[in-house]
Amino acid sequence: MHFNQFISRKFYSLRQTEVSPSINSKIKALVQQGKYSQALELHSKTPHSALTTAKFTFPSLLKTCASLSNLYHGRTIHASIVTMGLQSDPYIATSLINMYVKCGLLGSALQVFDKMSESRDSAPDITVWNPVIDGYFKYGHFEEGLAQFCRMQELGIRPDGYSLSIVLGICNRLSWYMAGRQIHGYIIRNMFEGDPYLETALIGMYSSCSRPMEAWSLFGKLENRSNIVAWNVMIGGFVENGMWEKSLELYSLAKNENCKLVSASFTGAFTACSHGEVLDFGRQVHCDVIKMNFQDDPYVCTSLLTMYAKSGSVEDAKKVFDQVLDKEVELRNAMISAFIGNGRAYDALGLYNKMKAGETPVDSFTISSLLSGCSVVGSYDFGRTVHAEVIKRSMQSNVAIQSALLTMYYKCGSTEDADSVFYTMKERDVVAWGSMIAGFCQNRRFKDALDLFRAMEKEGVKADSDVMTSVISAGLGLENVELGHLIHGFAIKRGLESDVFVACSLVDMYSKFGFAESAEMVFSSMPNKNLVAWNSMISCYSWNGLPEMSINLLPQILQHGFYLDSVSITTVLVAVSSVAALLKGKTLHAYQIRLQIPSDLQVENALIDMYVKCGCLKYAQLIFENMPRRNLVTWNSMIAGYGSHGNCEEAVRLFKEMKRSETAPDEVTFLALITSCSHSGMVEEGLNLFQLMRIEYGVEPRMEHYASVVDLLGRAGRLDDAYSFIRGMPIDADRSVWLCLLFACRAHRNMELGELVADNLLKMEPARGSNYVPLLNLYGEVEMWDRAANLRASMKGRGLKKSPGCSWIEVKNRVDVFFSGDSSSTRRIEIYKTLSSLKSNMEGKGCSYEGIEVC
DNA sequence: GTAGGGTTAG
């Protein structure tokens, strides 16, 4: 033994006799009562020279530090332990390792272990190995954890029941079914069978590996049916597999069986109720709790509160909270989460302020939940205050808190703060990696996100469904279809493709890539479709030019027992607008009012857009005027509305009002304005706005703006100006710009320029049939039939066809579509008759019928 | 018993 160590041991054994039993027992009592902070305070106030801490107090104190994530005290105690040469005591070493693992420092835990392994006189025994292996697993280093498990056996240390339950726990987490079965075999071979702990661990393993029926059959073979823990694990196992009905059945059976329910039986039942959102059953279990006199059990109350919160009844949750007199920190934490989960983040922050003022204990759960609340409401200032609190309480190395801080800063838009947290993170579990990857994605740093994902996998941390979701959004953000397929393949390999979040992200990704069929395939193979999945599919059809499919999905959603939410309404309204199905739009609007679906900005904007596009400017106006808040999109939609209805003055007036409301216009605003001027023939105003957008507002014009100006000049007959405008463009004009000029040439019968423009257009895209049509029409207009015939022949020779134009009309809840040149309708004679009479009516009243083709 | 990262909208 080293001399110093010898001395310190001697010193310790000497002092042991001098220990003041009163302070020791006081500390122990405080720990037992859960008054951790007071215990630590007493310990830190006790003069070091008195060394009043006995050996057996260290483990309790370390446990305290672990549960408070108080690394500062943990390290102080570690120092005392080293001073007293006790670091190789297996019981103390185990506690130290556990403390470091729980405080988020696997590295320090391993150092304690390594020091112990190096020391000659006290090799780690199984009680020390167990928390080390557990630590590796907790931080996602599964291969390393298993390697250590094997190394331990090579050193001749046989796993005990606890080791086996730790490894079984990993099989649970990673759904390692085959490994779990092997351990089951090991248990039988090595006579561990009948150990009630392992029996329940096995039931838990089979449940977590999605084999609830194998767990159930093991449960059925239990010798001791009164092992309530096994019942509880089985109740939890059913919930885990989405079989909450079975779970509640089992709870009812347990009630009638001769086994005494414990608090975990109720907590399991409450979890089942939360998953099934069966508030009624939850209330019944609440009655059982009162009948069996568990209403003062802190565990039961916490899960009861959570059940009410998850079922959406935050008021009931608050009642439970208020009724508990001796509120523990866990209950307060649950209330904070309840508020945040039900959109009342500010109440959560308020509760925290009260906790601080009342000097009630605050732990890492409180802090991490609170930070998540700050993320929801984007409260940077409050978030920073909490960050200060984290440092004050020495919680900055807790991995959950770091993850929450990172997310808070990213969501509040402060990448610098987020990055500085990022660089201090030493230990990363899968959630921490997930926070970073998601943070990068939110800041459009998709490549960084994917690099991080690869680094994570390289470190042996396996992606879970949360990480997968972010990775999919990174693939989408990079607009790389091949990568998207690769990611999909990876998700299948990991068995994550049917997770709702992953599947919804995949649907969205394929939808945005334009692969509606692939999106459909993912959607149809989803085992549990939620409303988000349905909404994603509606959005997919809208995005991919299939508005009628999108609208037709609605009755199916209702048939599946869902109520539309504001996202569904918004999404379908887009589809409704694109086919101008006014009746459908009004029905949706009525549904939204009748079911009191919250009318947020998005819904109102979509309603404005729908009414504008369906020709009801009045309704759009009404909604616009009654809106409590407006954003850029609101202004843009209404300006475009006036513009498309030929009311340019009103559009410009609104633009001025928008400026007064201090909303900065964007490129969409100017496009709406210039188009509006073009429709009303206000050429100078339009040109002026085009100049203004760049000079005064710093908005760079896009191709649409150039096309709009060409249209503006062209409609007014200023064809040469339009042509020289195109020549002076800083970017190459695309098809849309040339087409605008060609249409103008046709309208103003300018053959010379028309042919020149058409020539340009056809050089650009010779294989596009629709490019020839305006030229054909132009020849028709000036009656140059021979040229028209030549062009037709040349098109035919190249096998070119123009995709037919179409229009549609909604009558009596049905949308009819008509294609140009299609004479298949059974009522075509009536249709053409009506068109002819319309045409002559219009001519009689001196109206132009430009654009109406009567074939 | 309570926590931290993720999906749909113009």
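How far is the side chain of asparagine 333 from a base oxygen of DNA strand B? I looked this up in a predicted model. An N or O atom of the asparagine 333 side chain sits 2.6 Å from that base oxygen.

**DNA strand B**

I sorted the nearby surface by class and got 26 polar, 16 nonpolar and 11 charged residues.

Alanine 400 uses a backbone N or O atom, 3.2 Å from a base nitrogen of DNA strand B. Serine 536 uses a side-chain N or O atom, 3.5 Å from a sugar or linking oxygen of DNA strand B.

**Helix α35**

I moved on to α35, which covers residues 582-594, 13 residues in total. From first C-alpha to last I get 18 Å, close to the 18 Å expected at 1.5 Å a residue.

Which residues of α35 are buried? I find Gly585, Leu588, His589, Tyr591 and Gln592. Viewed down the axis of α35, the buried residues fall within an arc of 160 degrees, so they line one face of the helix. In general, an α-helix has 3.6 residues a turn, so residues three or four places apart point the same way.

On the face of α35 turned away from the buried side I note Ile593 and Arg594, both exposed. The cover over the buried residues of α35 includes α33 (547-559), α34 (566-578), α36 (601-613) and α37 (617-625).

Last entry: just after α35, glutamine 596 has a positive phi of about 50 degrees.

Note on methods: Residues numbered from 1 in each chain as written. Chains lettered and ligands numbered in written order. Predicted model: local features only at pLDDT ≥ 70, side-chain atom pairs only at ≥ 80, totals over all residues. Heavy atoms only, no water. Polar contact = N/O pair within 3.5 Å; in protein donor to acceptor, adjacent residues only side chain to side chain. Nonpolar A, V, L, I, M, F, W, Y, C, P; charged D, E, K, R; others polar. Helix = DSSP H or I, 4+ residues; strand = E, 2+ residues; numbered from the N terminus. Expected span 1.5 Å × (residues − 1). Buried < 20%, exposed > 50% of the residue type's maximum accessible area, 1.4 Å probe, protein only. Arc of directions from axis to C-beta. Contact = heavy atoms within 4.5 Å.
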